Amino acid sequence: MVEFELVKNEDITALADLASQIWHEYWPKLLVKEQIDYMVQKFQSKEAITKQIKSENYNYYFIKCENETAGYFGISFKKDYLFLSKLYIKKEFRHKGIGKLAFMKIAGIAKENGYKTIRLTVNKHNKNTIDAYLKYGFKVAYEDVTDIGSGFVMDDYIMDYAL
């Protein structure tokens, strides 16, 4: 059974630790270690997550499978769309339909809040993830290269899902 648990303030350290673990396992096939370290610190550290929740309209959820933490997702409530910022599953839980269940939860949250679109960014070289989002019904809206500092960029597709 898969469940979703809203991250509370007292859970932020555990979320940041989980994010670091998953990012350092997943991203080495696409990014150098220095960029992974930089992005974890900039976007998924305890300080970054706290700021996102307190001042950037973010909610994070733990994904639980049989009472074990299988991953997490982060969403941000924007004016015209729900932004799916993060959706990460631990290696041992991948390819079991958990990502699809998480997406169904995210779509439900979007509908409950009156959104007609879910938007996300995905690394252009992250083929498996792009294929999964295309399978869910996302469409590539445009491409974007973002300078994130320290000589690093994010080279992404921006994808939209119409509810």
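The axes of helix α1 (residues 12–26) and helix α3 (residues 46–55) come within 9 Å and cross at roughly 120°. Axes here are lines fitted to C-alpha atoms, for helices over the stretch in contact, and angles run from 0 to 180 degrees between N-to-C directions. This is a predicted model: local features need pLDDT of at least 70, side-chain atom pairs count only at pLDDT 80 or more, and totals for chains, interfaces and linings use all residues. Residues are numbered from 1 along each chain as its sequence is written, and side-chain values use heavy atoms, with hydrogens and water left out.

α1 and α3 are therefore oblique to each other. Under 35 degrees counts as roughly parallel, over 145 as roughly antiparallel, 65 to 115 as roughly perpendicular, and the rest as oblique. The crossing of α1 and α3 is right-handed, meaning that the near helix is turned clockwise from the far one by less than a right angle. On the α1 side, Ile12, Thr13, Leu15 and Ala16 make the contact. Contact means heavy atoms within 4.5 Å. Five of these residues are nonpolar, two polar and one charged. Nonpolar covers Ala, Val, Leu, Ile, Met, Phe, Trp, Tyr, Cys and Pro; charged covers Asp, Glu, Lys and Arg; the others, Gly among them, are polar.

Now the sheet. Seven strands form an open sheet with mixed pairing, in the order β1-β2-β3-β4-β5-β7-β6. β1 and β6 (139–149) stand at the edges, each with a single partner strand, so one side of each is left without a neighbour in the sheet. Neighbouring strands are turned by 30° against each other on average, direction ignored. Helices (H or I, at least four residues) and strands (E, at least two) are DSSP runs, numbered from the N terminus. Two strands pair if DSSP finds at least two bridges between them.

Start at β2 (residues 58–65). Seven of its eight residues are buried, that is, under 20% relative accessible area with a 1.4 Å probe, protein chains only. β2 pairs with β1 (residues 2–6) in the antiparallel sense over five bridges. There, Glu5 has Phe62 of β2 as its bridge partner. β2 also runs antiparallel to β3 (residues 68–77), joined by eight bridges. Ile63 stands opposite Gly71 in β3. β2 and β3 form a hairpin with two residues between them. Glu66 in that turn has a positive phi of about 50°.

Phe83 stands opposite Arg119 in β5.

Methods: Buried < 20%, exposed > 50% of the residue type's maximum accessible area, 1.4 Å probe, protein only.
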